[in-house]
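Hi everyone, thanks for making time for this one. I'd like to walk you through a structure, so please have a look at it first.

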Amino acid sequence: MAYRVLVACKHAIDLSTVKIRIKPDKLGVVTQGVKMGIAYFDELAVEEALRLKEKGVASEVIAVSVGPADAQKTLRHALAMGADSAVHVNTGDVELAPLQVAKALREIVREVEPQLVLTGKQATDGDYSQTGQMLAGMLDWPQATQAAELNVENDSVKVVRETDAGLETISMNIPAVVTAGLRLNEARLVKMPNIMKAKKEEN
Amino acid sequence: MGRYQGDSTCVLFPTTVDQVQQLLKYCNDKRIAVCPQGGNTGLVGGSVPVYDEIIISMEKMNSIRKFDEASGVVISDAGVVLQDLDQYLSDYGYTVPIDLGAKGSCQIGGNVATNAGGLRLLRYGSLHGTVLGLEVVLPDGRVINGLKTLRKDNTGYDLKQLFIGSEGSLGIITGVSLLCPPVPKSIKVALFGLSSFKDAVLIQQKAKLQLQEILSACEFFDNSSMKLVCEHFNVKEPIEDSSIYVLIETRGSNDDHDTSKLNSFLENMYEECDIIDGTVAESGSQMKAIWFLRESIASAISESGATYKYDFSLPTPEMYSIVDAVRKELSNYPDPNVYGYGHIGDGNIHLNIMAKEYSEDLQNKLEPFVYEYTSNFNGSISAEHGIGQMKADHIHYSKSEIELEIMKNIKQIFDRNGIMNPYKVI
């Protein structure tokens, strides 16, 4: 019953250190010289995956990031937190929309064959809240978004979701996609030796 | 803090320099004692009237007058709250050169009048260096219009230095010209858990040597402080239980450069020091979480009981020994808790003793014991908090006879009638 969990993380603008500024050409946000790191809700997704591993529900946590070369930093952070391995789909300088990211993730899912895909409900720069949902659609898997609580029992995933109308509890069969909401958990601080180890790990 | 209370019946809120001038001239002529007040966040009763002194609050003189982008110098009214000044500067990509826990309430004029130190003195230096000019109203109502934005001006005695740290005893500061550093592009925070203070001393030494120009803060706190903060604010201890915790912050212009420097430093520390546990903040929210542990100690203590706060400069290796000494002195007491934390990079410890209530007995046990202890090391009985009411009778522990005599003479020159903040400082 031990699952493989795939966590999709985006290397995004660290909202807690900078104010988001729109580019002068109004075609995006300023990313030059701006502090980037693992998207806030994606980090919660990594944390949740690690907790599933600690509970014995998951046997392996694999982090994946579809993004530019620097996305490696986000993956190393996931490894430092405790992920077993990381996959980097290097997109170079090209900026991808959620649909394209979802397509790339679908290929990774086909290769890795996880029972559970976790990701943040939305990235803190794009704020699209589309990637997780599109991925589930493409895979024809059930999905639960804005998760505040996650429990796995006998191949069934029970998620408490936060919606505008209140809390909703749904049950899905494995395999499934879950996107992390604000109240899912609080990400652990990474211990220094782990940071140093992750820095050295090869791709 | 609740420790000092006066009997003033009048608070005035001038909005212009002219009004301050008129007020002081009137008070000086009539020999009316005056207590200048900024954000009222001081810890030595300097902003609280002792008897019925008239309070002159700078709260309503709160305009930021000008910012010169070419030089990074801001000119501000004294009553501007430090955090507001920082907000204003952030739009230009600059920040204030001081940072302290009270930043949401303290005013820049008060910061200058008390020569506030804070968390970043290690990096940006003291206000004696970053204040480029002052506008001060003298006790007799005349004004010194010293608001220059010059980095260098060697034309005679540097009078503004007298007012910086004068705690309202020589005049009222109404305007400040302040040199501001740029907002850093990269900030990093690391927290170490160590088994002894000796390791903390070693880490701060190595941090200065290896992180050099990017080191921006080097703080420490002890196990009792960590336990109290976590219990009081219901937060989890982020790293394993340790005797002493050291917080290191770096600030720089290039994230990759700083990351690689910090990582090398961490590797070296793991080899050279006995580190129990450690963590590095990955995001801004994690940085805030780590800083919270250090910055909330004072509130946690004052919200938990009656606090005796001491602020000493001691030779760095000896800093924590005073905590052990006080614990030993109070070993027969059932109640008090002793906390030690502060700016290990600056040799400045905040020693706090917390009891259920204030008692003369406890105070007599602590004083003059702690002052004598500090004096024996040639330390300062007030590293950054100032003299105020609290230490007016104790300056002699850190200043010689001749220094005290000269200070009294200076006070006479500026404030012949003794109306400015009497019973405090000198």
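Let me begin with a term: a crossing of two helices is left-handed if the near helix is turned anticlockwise from the far one by less than a right angle, and right-handed if clockwise.

Some housekeeping first. This is a predicted model, in which local features need pLDDT of at least 70 and side-chain atom pairs count only at pLDDT 80 or more, while totals for chains, interfaces and linings use all residues. Residues are numbered from 1 along each chain as its sequence is written, chains are lettered from A and ligands numbered from 1 in the order in which they are written, and side-chain values use heavy atoms, with hydrogens and water left out.

Now, helix pairs. Helices (H or I, at least four residues) and strands (E, at least two) are DSSP runs, numbered from the N terminus. Axes are lines fitted to C-alpha atoms, for helices over the stretch in contact, and angles run from 0 to 180 degrees between N-to-C directions.

In chain B, α12 (residues 321-329) packs against α14 (residues 369-376) at about 145 degrees, and their axes are 11 Å apart. The crossing of α12(B) and α14(B) is right-handed.

B:P368 sits in the loop between α13 (360-366) and α14 of chain B.

A second pair in chain B is α7 (residues 197-211) and α9 (residues 255-272), whose axes come within 10 Å and cross at roughly 145 degrees. This crossing of α7(B) and α9(B) is right-handed. Among the residues in the contact are B:L202 and B:I203 of α7(B), and B:L262 and B:F265 of α9(B).

So what joins the two chains? Chain B contributes 27 residues to the contact and chain A 21. Together they bury about 2,000 Å², 55% of it on carbon and sulfur atoms; buried area is the accessible area (1.4 Å probe) that two parts lose on being put together, summed over both. On the chain B side, B:E267, B:E282 and B:Q286 lose the most area to chain A, together 26% of what that side buries.

How many salt bridges cross the interface of chain B and chain A? The rule, a side-chain nitrogen of Lys or Arg within 4 Å of a carboxyl oxygen of Asp or Glu, finds two. B:D277 and A:K191 form a salt bridge at 2.8 Å, N to O. Over all chains, the count is 32.

One within chain A is A:D14 with A:K35, at 3.7 Å, N to O. That pair links distant parts of the chain: both residues lie in the loop between β2 (11-13) and β3 (36-38) of chain A, 21 residues apart.

Two backbone points to finish. In chain A, the peptide bond from A:I174 to A:P175 is cis, with omega near 0 degrees. In chain B, B:N421 has a positive phi of about 45 degrees although it is not a glycine, and B:N421 lies in the segment after α15 (401-414).

Key. Contact means heavy atoms within 4.5 Å.
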